[in-house]
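Have a look at the structure first, then read on.

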Amino acid sequence: MQVMSGAPLALALPLAAILLVLAAGSLVTALKGKNGTLNADGRLGIRTEATSRSDAAFKVANRVSFPIVLGAGVLSLVIGALLATTLLSISTTIVVFVVSLIGVLGLLVSAGRLGDRAARAVPKPALKPGSGGGGCGSCACGSGGCSALSKAGITRNATSEI
């Protein structure tokens with residue numbers, strides 16, 4: 001009777017470490033995202049054009065994506081711990097690592113898309129008036145208003161003066 005030996009530590013531990021690092025980052029991001037304590041200037045969290053519009057959009061995106069990011073972290077933690085035990089054969093270790101890495105990254109991408117969609121639903125913050133008082137009371141749009149200017153291809157941002 002032949003006894004199958006497990007994967008060598010030189011293979012199993014680096015693969016487990018990759019998944020455990022992903023797990024740590026995902027779990028911290030998920031918990032801080034749920035609590036609303038993620039810093040928009042930090043490195044963690046969902047980073048898209050929509051989430052960078054405002055702090056509210058960033059918080060909503062990370063709060064909405066929290067369950068999926070948490071699931072990715074837990075999956076990565078469990079599979080990383082399993083790989084660290086070296087009970088699996090070499091080929092099984094490699095297959096489990098590749099499949100779980102694809103699964104975890106797929107979950108994180110899905111969480112990012114969901115968070116981006118939620119951030120797009122958050123209204124854009126209002127522009128601050130320009131130095132001349134801003135708003136419709138101080139510009140020279142005329143009786144047609146700003147919509148007449150935009151139809152003519154003339155745009156004005158809130159900080160410039162006409």
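**Notes on helix packing**

1. Helix 1 and helix 4 cross in a left-handed way. Keep in mind that this is a predicted model. The axes of helix 1 (residues 9-35) and helix 4 (residues 90-121) come within 10 Å, with a crossing angle of roughly 15 degrees. Angles under 35 degrees count as roughly parallel, so helix 1 and helix 4 are roughly parallel to each other.

2. Who makes that contact? On the helix 1 side you'll find Leu-11, Leu-15, Ile-18, Leu-19, Leu-22 and Ser-26. Helix 4 brings in Ile-90, Thr-93, Ile-94, Phe-97, Ser-100, Leu-101, Val-104 and Leu-108. Sorted by class, the contact of helix 1 with helix 4 has 11 nonpolar residues, three polar ones and no charged ones.

3. Is Ser-26 buried or exposed? With a relative accessible area of 4%, Ser-26 is buried. Its side chain reaches the backbone oxygen of Leu-22 at 2.9 Å. Leaving aside residues up to four places away in sequence, Ser-26 touches Val-69, Ala-72, Gly-73 and Leu-108.

4. Now for helix 2 (residues 55-64): its axis and that of helix 4 come within 8 Å and cross at roughly 140 degrees. That makes helix 2 oblique to helix 4. The crossing of this pair is right-handed.

5. In the contact of helix 2 with helix 4, helix 2 supplies Ala-57, Val-60, Ala-61 and Val-64, while helix 4 supplies Leu-114, Gly-115, Ala-118 and Ala-119. By class, that is seven nonpolar residues, one polar and no charged.

Key: Residues are numbered from 1 along each chain as its sequence is written. This is a predicted model: local features need pLDDT of at least 70, side-chain atom pairs count only at pLDDT 80 or more; totals for chains, interfaces and linings use all residues. Side-chain values use heavy atoms; hydrogens and water are left out. Axes are lines fitted to C-alpha atoms, for helices over the stretch in contact, and angles run from 0 to 180 degrees between N-to-C directions. Helices (H or I, at least four residues) and strands (E, at least two) are DSSP runs, numbered from the N terminus. Angles under 35 degrees count as roughly parallel, over 145 as roughly antiparallel, 65 to 115 as roughly perpendicular and the rest as oblique. A crossing is left-handed if the near helix is turned anticlockwise from the far one by less than a right angle, and right-handed if clockwise. Contact means heavy atoms within 4.5 Å. Ala, Val, Leu, Ile, Met, Phe, Trp, Tyr, Cys and Pro count as nonpolar, Asp, Glu, Lys and Arg as charged, and the others, Gly among them, as polar. Buried means under 20% relative accessible area, exposed over 50%, partly exposed in between (1.4 Å probe, protein chains only). A polar contact is a pair of N or O atoms within 3.5 Å; within protein, one must be able to donate a hydrogen and the other to accept it, and residues adjacent in sequence count only if both atoms are side-chain atoms.
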